[in-house]
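Subject: Structure handover

Hello,

Here is the structure I said I would pass on. My notes on it follow below.

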Amino acid sequence: MSKKKGLSKRECATARSTKAHTVSLEPSGKATNGGAGNGGHDRLDRSALNNSNEFYDVACKVMLVGDSGVGKTCLLVRFKDGAFLSGSFISTVGIDFRNKVVAVDDAKVKLQIWDTAGQERFRSVTHAYYRDAHALLLLYDITNRPSFENIRAWLTEIHEYAQQNVVIMLLGNKGDMTAERAVKKDEGERLAKEYGIPFMETSAKTGLNVELAFTAIANATSTPH
Ligand SMILES: Nc1nc2c(ncn2[C@@H]2O[C@H](COP(=O)(O)OP(=O)(O)OP(=O)(O)O)[C@@H](O)[C@H]2O)c(=O)[nH]1
Ligand SMILES: [Mg+2]
């Protein structure tokens, strides 16, 4: 299998003409988790009209992928709203997205983050979105060994459906649950090294490395102006 490249600089080609576009950022703390399927595009357009506008220079599409329950939705909510979704686990249906603008050097990068459903039955929906992704955050759960063992299969799938030059980062999530750890940190590091991709452990619960992971992705997928 050919290896994917890591966090080298990559231009978000589709967004180069977006300077001075207006985009929305929902008020912090507002949870708008929800819809499935292509309805996301409509929501983007509506929110661009309804909410406070923010300028950006570059837009990048980032996909969160990995087994069901590894914490993709929670990681996104932590990054977007600074909150943790505790309590009962509501599995994502289809696909959803949220936007957040982050600063990289002097540029503002709009990350359009696609939260995919890890459940097998939604896999064909996820496949359809790989092609447009500039970056992929591939998650496993450090307390769930099978979710780590499936990473190779996820990388095979990514190789099949995503762009050749997509930026990939491996994340071992639930880093706060050290007592239940089933995957050693160095196992994650070794696997990432084998594929030539960056790795870090994160926690959607405590916020460990969450900003860092998304900022690194924004940095890698954008070209500073
Ligand atoms: N302790 C801890 N729990 C977490 C963390 N991230 C997620 N969880 C919990 O793990 C469960 C699953 O989280 P989700 O974010 O919904 O998982 P998902 O990957 O989006 O799952 P699918 O939508 O089915 O693909 C929830 O009960 C969360 O509260 C974390 O970093 N630490
Ligand atoms: Mg989810």
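To start with one pair of strands: β4 and β5 run antiparallel and are joined by 10 bridges. One pairing to look up is that of Arg98, whose bridge partner in β5 is Ile113. Please keep in mind that this is a predicted model.

The sheet

β4 and β5 belong to an open sheet of 6 strands, in the order β4-β5-β3-β6-β7-β8, with mixed pairing. At the edges are β4 and β8 (199–201), each of which pairs on one side only. From one strand to the next the twist averages 25°. As background, the strands of a sheet pair through backbone hydrogen bonds, either parallel or antiparallel.

Two helices lie across strands of this sheet. Helix α2 lies across β3 (58–65), β4, β5, β6 (135–141) and β7, and runs at about 155° to β5. Helix α5 (residues 151–161) lies across β3, β6 and β7, and its angle to β6 is about 160°.

The protein as a whole

The secondary structure comes to 7 helices and 8 strands. The protein has 225 residues, of which 42% count as buried. Among contacts with a separation of 6 or more, 79% are between residues 24 or more positions apart.

The ligand

Around ligand 1 there are 22 residues, and the nearest of them are Ser68, Gly71, Ser91, Thr92 and Gly118. By type, the shell around ligand 1 holds 7 nonpolar, 11 polar and 4 charged residues. Which helix gives the most to this shell? Helix α2 (residues 72–81) does, with 3 residues.

Two residues with positive phi

Most residues other than glycine have a negative phi. Asp105 has a positive one, near 55°, and sits in the loop between β4 (95–104) and β5 (107–116). Lys174 also has a positive phi, near 70°; its place is in the loop between β7 (167–173) and α6 (185–195).

Are these two residues buried or exposed? Asp105 is exposed, because there are 11 other C-beta atoms within 10 Å and the limit for an exposed residue is 12 or fewer. Lys174 has 28 C-beta neighbours inside 10 Å and therefore counts as buried, the cut-off for that being 20 or more.

Regards

Key
Residues are numbered from 1 along each chain as its sequence is written. Chains are lettered from A and ligands numbered from 1 in the order in which they are written. This is a predicted model: local features need pLDDT of at least 70, side-chain atom pairs count only at pLDDT 80 or more; totals for chains, interfaces and linings use all residues. A residue is near a molecule or strand if its C-beta atom, placed from the backbone, lies within 6 Å of it. Helices (H or I, at least four residues) and strands (E, at least two) are DSSP runs, numbered from the N terminus. Ala, Val, Leu, Ile, Met, Phe, Trp, Tyr, Cys and Pro count as nonpolar, Asp, Glu, Lys and Arg as charged, and the others, Gly among them, as polar. Two residues are in contact if their C-beta atoms, placed from the backbone, lie within 7 Å. Two strands pair if DSSP finds at least two bridges between them. Axes are lines fitted to C-alpha atoms, for helices over the stretch in contact, and angles run from 0 to 180 degrees between N-to-C directions.
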